[in-house]
Amino acid sequence: MKELQDLALYLEQGQAQKVIALTEQLLAASISPQRILNDGLIAGMAAVGEKMRNGDMYLPEVLQSAGAMQASLKILKPHLAREGAQSRGRVLMGTVKGDMHDIGKNLVGIMLQGAGFEIVDLGVNIPPEKFVEAIKTHQPSIVALSAMLTTTMLNMKSTIDSVRLAGLSSYVKIIIGGAPVNQGYADQIGADGYARDAVLAVDKVKQLLGISA
Ligand code: B12
């Protein structure tokens, strides 16, 4: 669909106003928020990642694209996430130490919220001791760790180790996600689960908590 391709292109170009206007236009035309997300925003961000890798795009431009994506996600959020009447459980989430990426984590939070979970989002660059402290304070059923860098994914292991050392690992299940990680890495560092994207993250959380529907 031409408009979705345009949306991806505007996002790649970091044209926030155009991204916002087109998001609203597509919603008004009854295009599903999932399609807007997948075929527009995520497609555009994938192109940004490709250009970044090839050295064709630099940080200030990537930040503009990220800002445009966050703005569009804000509009999509109420359409993606209908507030669950009763909470199905509390999920504590954060991007691990050293890592500032939060778009994917936020999306996972939106989808979990839409599925009826209560979200406590610690934000980005969260050291292991902060996760431990927050588990004690908020007593979640699930802890969700995000990392987007091959360097910071190592901090998922130190976070899991800290939770275990604090004697909290039998109270919470830990799931991980983000571009550089996979099921193999999750197994290796002793995470309870891994999911490739926000939709599968909801399935994984339900599975870990024994929720069938
Ligand atoms: C936007 C972006 C940025 C923005 C982030 C803005 C923000 N607020 O998040 C800015 C400009 C700040 C940035 C900075 C950097 N970035 Co950057 N960035 C990206 C980019 C282009 C897109 C990421 C994104 O938002 N994708 C869209 C979302 C929807 O997808 P996602 O994040 O993958 O999330 C999905 C899944 O992974 C999963 N998921 C994510 N988290 C979780 C958690 C759980 C629990 C679960 C279950 C699932 C899950 O579900 C999500 C939704 O479906 C990627 C390229 C890419 N293709 O990933 C590079 C990329 C991640 N960045 C990269 C790099 C190198 C950097 C910098 C080091 C650059 C530099 N030289 O300074 C810095 C690091 C800063 C830091 N300390 O964190 C590299 C990483 C390479 C590597 N292997 O380590 C990438 C891959 C680009 C590249 N191709 O080279 N970046």
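These legends walk you through close-up views of the ligand and the pockets in a predicted model.

View 1. Welcome to the ligand site, where 37 residues surround the ligand, with M100, H101, D102, S146 and T150 the closest.

**View 2. The shell between two domains.** Domain 1 (2–80) and domain 2 (90–209) both give residues to the shell, so the ligand lies between them. Helix 4 supplies the largest share, 6 residues. Sorted by class, the shell has 22 nonpolar, 9 polar and 6 charged residues.

**View 3. The largest pocket.** Here is the space that the ligand takes, with a volume of about 1500 Å³. It is lined by 46 residues, and M45, I103, G104, M148 and A179 are the closest to its centre. Helix 3 gives the most to this lining, 11 residues. The lining has 31 nonpolar, 9 polar and 6 charged residues.

**View 4. The second largest pocket.** This pocket holds about 200 Å³ of space. Its lining has 13 residues, and K77, N106, I110, Q113 and D121 are the closest to the centre. Helix 4, helix 5 and strand 2 (118–121) each contribute at least two lining residues, and by class the lining divides into 5 nonpolar, 4 polar and 4 charged. Domain 1 and domain 2 each provide at least three residues of this lining.

Key:
Residues are numbered from 1 along each chain as its sequence is written. This is a predicted model: local features need pLDDT of at least 70, side-chain atom pairs count only at pLDDT 80 or more; totals for chains, interfaces and linings use all residues. Side-chain values use heavy atoms; hydrogens and water are left out. A residue is near a molecule or strand if one of its heavy atoms lies within 4 Å of it. On a 1 Å grid over the protein atoms alone, a cavity is a set of points where a 1.4 Å probe fits but cannot get out, and a pocket is an open set with protein on both sides within 12 Å along at least five of seven lines; lining residues have an atom within 4 Å of a point. A molecule sits in a cavity or pocket if more than half of its atoms lie within 2 Å of its grid points. Helices (H or I, at least four residues) and strands (E, at least two) are DSSP runs, numbered from the N terminus. Ala, Val, Leu, Ile, Met, Phe, Trp, Tyr, Cys and Pro count as nonpolar, Asp, Glu, Lys and Arg as charged, and the others, Gly among them, as polar. Domain bounds come from an automatic or database domain assignment. Grid points are joined across faces, edges and corners, and a volume is the space filled by probe spheres set on the points.
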